[in-house]
Amino acid sequence: MNSKEKKSINSAPKEFRHFLLFLPFLGLTLINKSLENDFYFLYPTGQYIIENGFPVKDFLSMHSEMNIVVQQWFTDVLFYLIYSKLGKLGMIAFVVLCYMAFCCLIYFLFYLVSGNFFISAICAFVSDTVSAQLFFSTRPQIITYILLTFELILLEKFVKTKNQKYLIALPFISLALINCHASMWILMFIFAVPYVAAALPIRIKGFRQEPCCRLLPLIICGSVCFAFGFINPYGYKSVLYTVKAFENADVNKYIGEMQPVDASSPAGKLFLIVFSLIIITLVFFRRKSFSARFVLLFAGCCIMAFVNIKSIAFFMIGGMAAFSYFLKDAEIKITVEEATENNKIKNKAVILLLAVVFIGITAYSFIAENQAQTENEELYADLNKIVDILNNENRNIVLYSGFENGPYLEFLGFHPYIDCRAELFIKNINGSYDYIREHNDLREGSIYYKDFLNKYSFNYLVIDRTETYFDNDLSRDKDYELIYQSDYNKLYRAKKQG
């Protein structure tokens with residue numbers, strides 16, 4: 001007769017442990033398997049850099065006088081090389097590889113922090129699947145997530161071992177970030193703040209904090225990391241990119257992921273559910289002792305996540321790492337049968353079945369993605385019809401298009417009024433004119449549309465379904481005619497040839 005006993009999950013059968021490690025890879029079914037809108041300006045930028053060097057004036061929109069900073073130039077080149085050789089499948093494969101690397105690093109970080117296998121596996125599952133659902137796509141941020149996770153691993157290794165060799169790689173992470181995704185470079189220093197604060201010997205009345213590590217090596221390393229940030233094609237302009245870009249309120253209006261977290265968006269709902277469960281869990285598993293660096297890391301990542309949707313990803317890295325530390329002493333026991341030969345076979349059969357189910361779900365996800373057109377794919381198909389019309393017009397084209405349609409039209413060789421590189425269209429960065437403000441005023445009906453049309457002499461205008469005011473004005477304008485209409489866009493043409 002088989003005996004049963006209560007065992008900690010941390011000492012559960014290896015098959016069950018393998019299954020827990022396997023869970024985060026379920027996120028492969030959730031990652032975006034379409035080309036993101038941003039890809040359509042990233043690709044031609046990478047091509048331009050390969051063929052002509054680093055641009056200092058805009059070559060994609062109609063505003064060729066604008067100064068530009070290609071803040072993710074290395075990613076642009078990488079995406080161009082992958083797509084030109086392997087196409088869409090190659091890009092999606094790259095996203096999958098980045099996600100798998102992220103999964104491995106996240107688990108390693110959480111286990112390094114907590115030393116608790118079960119807590120690390122479950123926290124990694126939550127972090128990975130939320131990140132897969134919301135953030136893993138053909139954008140530079142997938143590289144950023146890997147680099148920031150690696151940074152925290154190195155800082156934790158330094159704290160635990162007191163060995164300064166783990167700081168050596170940090171300046172190279174700074175170098176990689178500034179060239180792959182300069183707008184996120186500042187996050188490297190934000191993630192390091194809790195470690196610097198925890199390294200300070202603080203004594204306030206009855207409170208005393210023992211430093212977690214030596215402060216001087218962190219300060220020296222931080223200084224070197226800052227210096228390495230200037231090693232990029234645009235020098236100090238890349239370093240200041242984030243500050244200049246996101247201090248402009250009009251930019252944040254255009255970028256959905258820069259909106260505050262609330263229950264009105266799918267991403268906000270998902271995060272609020274996860275965050276509520278985290279708080280409830282912390283209430284039941286309160287620790288008597290605490291670590292200053294993890295309290296600060298958790299609090300800082302919480303604040304960032306609620307400020308904008310984009311920063312939910314950073315909570316899933318830093319905030320969840322701190323959460324795994326808070327639960328490091330949690331121990332859950334389950335009833336486990338004595339390991340007989342029959343039980344071993346049963347365990348392996350269950351694991352095999354789960355693996356088959358996982359492979360089936362993954363395969364179905366890929367097949368379904370290829371068979372069913374997403375809304376974005378339908379939009380691009382609609383834009384292709386508009387491009388066919390434009391290509392058959394026997395006149396020079398001066399094209400207006402809005403924020404979302406711009407990149408795809410640029411990808412196909414046109415030079416529209418604006419695109420979703422929102423930061424480049426503010427005067428702080430381009431040194432020319434605040435086009436983002438002008439476009440926002442046009443969308444809201446704050447400027448007279450005729451003055452706008454006369455200023456640029458557009459002879460074709462692609463109007464999307466969000467540009468209600470502008471569309472209403474054009475529909476009543478005797479100088480323009482509607483030549484194409486769909487559920488997504490309208491195409492207007494100036495009646496006067498020119």
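This is a predicted model: local features need pLDDT of at least 70, side-chain atom pairs count only at pLDDT 80 or more; totals for chains, interfaces and linings use all residues.
## What counts as buried

Buried means under 20% relative accessible area, exposed means over 50%, and partly exposed covers what lies in between, with a 1.4 Å probe and protein chains only.

Residues are numbered from 1 along each chain as its sequence is written, and side-chain values use heavy atoms, with hydrogens and water left out.

## The whole protein

Let's start with the overall picture. The protein has 21 helices and 8 strands; these are DSSP runs numbered from the N terminus, H or I over at least four residues for helices and E over at least two for strands. Of its 498 residues, 52% count as buried. The exposed surface comes to about 23,400 Å², and carbon and sulfur atoms supply 60% of that (Shrake-Rupley method with a 1.4 Å probe; for residues, only the protein chains shown count as cover).

Contacts (heavy atoms within 4.5 Å) tell us about sequence separation too. If you take those between residues at least 6 apart in sequence, 71% join residues at least 24 apart.

Helix 4 spans residues 117–134, 18 residues in total, and reaches 26 Å from its first C-alpha to its last. That is close to the 26 Å expected at 1.5 Å a residue, where the expected span is 1.5 Å times one less than the number of residues. At the start of the helix, a side-chain oxygen of Asn116 comes to within 3.2 Å of the backbone nitrogen of Phe118.

Helix 4 is mostly covered, with 13 of its 18 residues buried. Ser131 is found in this helix. Leaving aside residues up to four places away in sequence, Ser131 touches Phe102, Phe136 and Met316.

Four strands form an open sheet in the order 5-6-8-7, with mixed pairing; two strands pair if DSSP finds at least two bridges between them. Strand 5 (399–401) and strand 7 (480–485) stand at the edges with a single partner strand each, so one side of each has no neighbour in the sheet. From one strand to the next, the twist averages 20 degrees (axes are lines fitted to C-alpha atoms, for helices over the stretch in contact, and angles run from 0 to 180 degrees between N-to-C directions).

Strand 7 and strand 8 (residues 489–494) run antiparallel and are joined by 5 bridges, and a hairpin connects them through 3 residues. Across this pair, Glu481 stands opposite Arg493, while Tyr484 stands opposite Leu491. Helix 21 (residues 468–475) lies across strands 5, 6, 7 and 8, running at about 135 degrees to strand 6 (460–464).

Asn489 sits in strand 8 and, at 1% relative accessibility, counts as buried. The side chain of Asn489 makes a polar contact of 2.9 Å with the side chain of Asp382. Here a polar contact is a pair of N or O atoms within 3.5 Å; within protein, one must be able to donate a hydrogen and the other to accept it, and residues adjacent in sequence count only if both atoms are side-chain atoms. Not counting residues up to four places away in sequence, Asn489 touches several residues, including Leu379, Leu383, Ile386, Asn405 and Val462.

Glu378 belongs to helix 16 (residues 375–391) and is partly exposed at 32% relative accessibility. A polar contact of 2.5 Å joins the side chains of Glu378 and Tyr488. These two residues are 110 apart in sequence, yet their C-alpha atoms are 8.8 Å apart in space.

## Two positive phi angles

Two loop residues are handy for a backbone check. Lys162 has a positive phi of about 60 degrees although it is not a glycine. Lys162 lies in the loop between helix 5 (141–161) and helix 6 (170–180), and counts as partly exposed at 47% relative accessibility.

Ser457, also not a glycine, has a positive phi of about 55 degrees. Look for Ser457 in the loop between helix 20 (449–456) and strand 6.
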